Amino acid sequence: MKIDVLTLFPDMYQGFLTESIMKRAIDKKAVTIEFHNIRSYSKDPHHKVDDSPYGGGHGMVLMCQPIFDAIEDLRTKESKVIMLTPDGVPYNQEIVYDLSHEKHLILLCGHYEGFDERIRSIVDMEISIGDYVLTGGEVPSMVLMDSIIRLLPGVIEEESHINDSFHEHLLDYPTYTKPQNFRGMEVPAVLCNGNHQEIMAYREEMRYNRTKERRPDLLEK
Ligand code: ADE
């Protein structure tokens, strides 16, 4: 997979891509990620990328020209252009699975008071990572990259995906490690008896119970 990130703050991604599973995915060439500073596409003599809103109001709005030029430069027939915005469709694991099969993602990160409305006409999809407002699309774009890249072939063991929370609209089952008794809290005996069938049945039941208790909305799916 190829991911192009359009941002005003490429340095924010330091650390995110140089540690742990993201680093491993890049080293293994499961994904290639490139950052493009929106400012470098500005045709303004002072590399201006934003201006005050028509009709008045506070804050600055990202202008069409640099963003249209950037997307037109990077886009191919195989690209999916995604705008990160609190007005987008709520992100979930189903969208993660779908996007993990794309060949090329272009992630458009805003900042300030948002985008000129006309920019929406050239994106394929608008995504929100939740009902709260962040200072920009950079952290949401990291959320997308992390959730998608971990599903790419060879990045983590395929079996881990099957046990993911939200797989089959269920939360994950509880897990334990040594010691068997910690401060009086015991690991459930069924997990220590070595009977695989019983363990699997127990885990399925726990996934269902936990989902019913914490996220009954998921069971409706
Ligand atoms: N930009 C600012 N807030 C956001 C959110 N919740 N999701 C996606 N992009 C955003």
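Q93 touches L151, D164 and F166, leaving out residues up to four places away in sequence; contact here means heavy atoms within 4.5 Å. Q93 sits in helix α3, helices being DSSP runs of H or I of at least four residues and strands runs of E of at least two, numbered from the N terminus. With a relative accessible area of 15%, Q93 is buried, since buried means under 20% relative accessible area, exposed over 50% and partly exposed in between, using a 1.4 Å probe and protein chains only.

A word on what you're looking at: this is a predicted model, where local features need pLDDT of at least 70 and side-chain atom pairs count only at pLDDT 80 or more, while totals for chains, interfaces and linings use all residues. Residues are numbered from 1 along each chain as its sequence is written, and side-chain values use heavy atoms, with hydrogens and water left out.

Now for the sheet. Five strands form an open sheet in the order β2-β1-β6-β5-β7, with parallel pairing; two strands pair if DSSP finds at least two bridges between them. At the edges are β2 (32-37) and β7 (125-128), each pairing on one side only. From one strand to the next, the twist averages 30°. Strand β1 (residues 2-7) runs parallel to β2 and is joined to β2 by six bridges, with I3 opposite I33 in β2.

Helix α4 (residues 138-149) lies across β1, β2, β5 (79-90), β6 (104-109) and β7, and runs at about 160° to β6. That angle is taken between N-to-C directions on a scale from 0 to 180 degrees, with axes fitted to C-alpha atoms, for helices over the stretch in contact. Then there's α2 (residues 64-74), where C64, P66, I67, A70, I71 and L74 are buried. The buried residues of α2 pack against β1, β2, β4 (61-62), β5 and β6.

What about the core? A nonpolar core is a set of buried Ala, Val, Leu, Ile, Met, Phe, Trp, Tyr and Cys residues joined through side-chain atoms within 4.5 Å. The largest one has 32 residues, and I3, Y91, L99, I127, L144, M145 and I149 touch the most other members. At least two residues each come from β1, α1 (20-27), β5, α3 (93-99), β6, β7 and α4, with α4 giving the largest share, five residues. Apart from this core lies another, of 19 residues, among them Y41, V49, V81 and I122.

I127 is worth a look. Not counting residues up to four places away in sequence, I127 touches I82, M83, L84, T85, G88, V89, Y91, I95, L99 and L144. I127 is also one of the residues surrounding the ligand, together with L84, T85, P86, S128, I129, G130, Y132, V133, L134, G136 and P140; a residue is near a molecule if one of its heavy atoms lies within 4 Å of it.

A polar backbone atom of I129 is 3.0 Å from a nitrogen atom of the ligand, and a polar backbone atom of Y132 is 2.8 Å from a nitrogen atom of the ligand. For G130, a backbone N or O atom lies 3.2 Å from a ligand nitrogen atom.

Finally, turn to the loop between β6 and β7, where I119 is found. I119 counts as buried because its relative accessibility is 0%. Leaving aside neighbours within four places in sequence, I119 is in contact with L62, M63, C64, I67, F68, M83 and L108. I119 and L62 are 57 residues apart in sequence and 9.0 Å apart in space, C-alpha to C-alpha.

Definitions and conventions
Polar contact = N/O pair within 3.5 Å; in protein donor to acceptor, adjacent residues only side chain to side chain.
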